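Dear colleague,

I am handing over the structure below, and after it I set out what was found. Please read the notes with the structure open beside them.

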Amino acid sequence: KYNGSRGGRKATHSQVRALEAIGNRLQLDLNHWLHQKYGLAIPAELSIKEASRAIDELNATPINGANH
């Protein structure tokens, strides 16, 4: 689970849309994943850095490996 600070600017609209699109492609419950990884309920609550990290992590996830 992420234990960093919540400082910085919030995720951009493009980042939020990208996270939602990747979540849909992976058939992932994105809000549940975000809660487990970052303790947040929705992608818009992420900082820009967190959103970038989440996008990278999800993009590296095999489609059949997302439901954990």
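A residue is called buried here when its relative accessible area is under 20%, and exposed when that area is over 50%. Please keep in mind throughout that this is a predicted model.

The side chain of Glu 50 reaches the backbone nitrogen of Ser 47, at 2.8 Å.

Helix H1 runs over residues 13-25, which makes 13 residues, and from its first C-alpha to its last it reaches 18 Å, close to the 18 Å expected at 1.5 Å a residue. Its buried residues are Gln 15, Val 16, Leu 19, Ile 22 and Gly 23. These cover an arc of only 130 degrees around the axis, and therefore they lie on the same side of H1. An α-helix has 3.6 residues a turn, so residues three or four places apart point the same way. On the face turned away from the buried side, H1 carries the exposed residues His 13 and Asn 24, while the cover over its buried residues includes helix H2 (30-38) and helix H3 (48-59).

After H1 comes Gln 27, which has a positive phi, near 55 degrees. The loop between H1 and H2 also holds Leu 26, which counts as buried because its relative accessibility is 1%. Although Leu 26 and Leu 58 are separated by 32 residues in sequence, their C-alpha atoms are 8.3 Å apart in space.

Beyond its neighbours within four places in sequence, Leu 58 is in contact with Leu 19, Ile 22, Leu 26, Leu 28, Leu 30 and Trp 33. The largest nonpolar core has 16 residues, and those with the most contacts inside it are Leu 19, Leu 30, Trp 33, Tyr 38, Leu 46 and Leu 58. H1, H2 and H3 are the elements that give two or more residues to this core. In soluble globular proteins, nonpolar side chains tend to be buried together.

Lastly, how many aromatic pairs does a search of the whole structure find? The search finds one: the rings of Trp 33 and Tyr 38 have their centres 6.2 Å apart and their planes at 65 degrees, so this pair is edge-to-face. Both Trp 33 and Tyr 38 are buried.

With best wishes

Conventions: Residues are numbered from 1 along each chain as its sequence is written. This is a predicted model: local features need pLDDT of at least 70, side-chain atom pairs count only at pLDDT 80 or more; totals for chains, interfaces and linings use all residues. Side-chain values use heavy atoms; hydrogens and water are left out. Helices (H or I, at least four residues) and strands (E, at least two) are DSSP runs, numbered from the N terminus. The expected span of a helix is 1.5 Å times one less than its number of residues. Buried means under 20% relative accessible area, exposed over 50%, partly exposed in between (1.4 Å probe, protein chains only). The arc is that of the directions from the helix axis to the C-beta atoms. Contact means heavy atoms within 4.5 Å. Rings of Phe, Tyr and Trp (its six-membered ring) pair if their centres lie within 6.5 Å; planes under 30 degrees apart count as stacked, over 60 as edge-to-face and the rest as tilted. A nonpolar core is a set of buried Ala, Val, Leu, Ile, Met, Phe, Trp, Tyr and Cys residues joined through side-chain atoms within 4.5 Å. A polar contact is a pair of N or O atoms within 3.5 Å; within protein, one must be able to donate a hydrogen and the other to accept it, and residues adjacent in sequence count only if both atoms are side-chain atoms.
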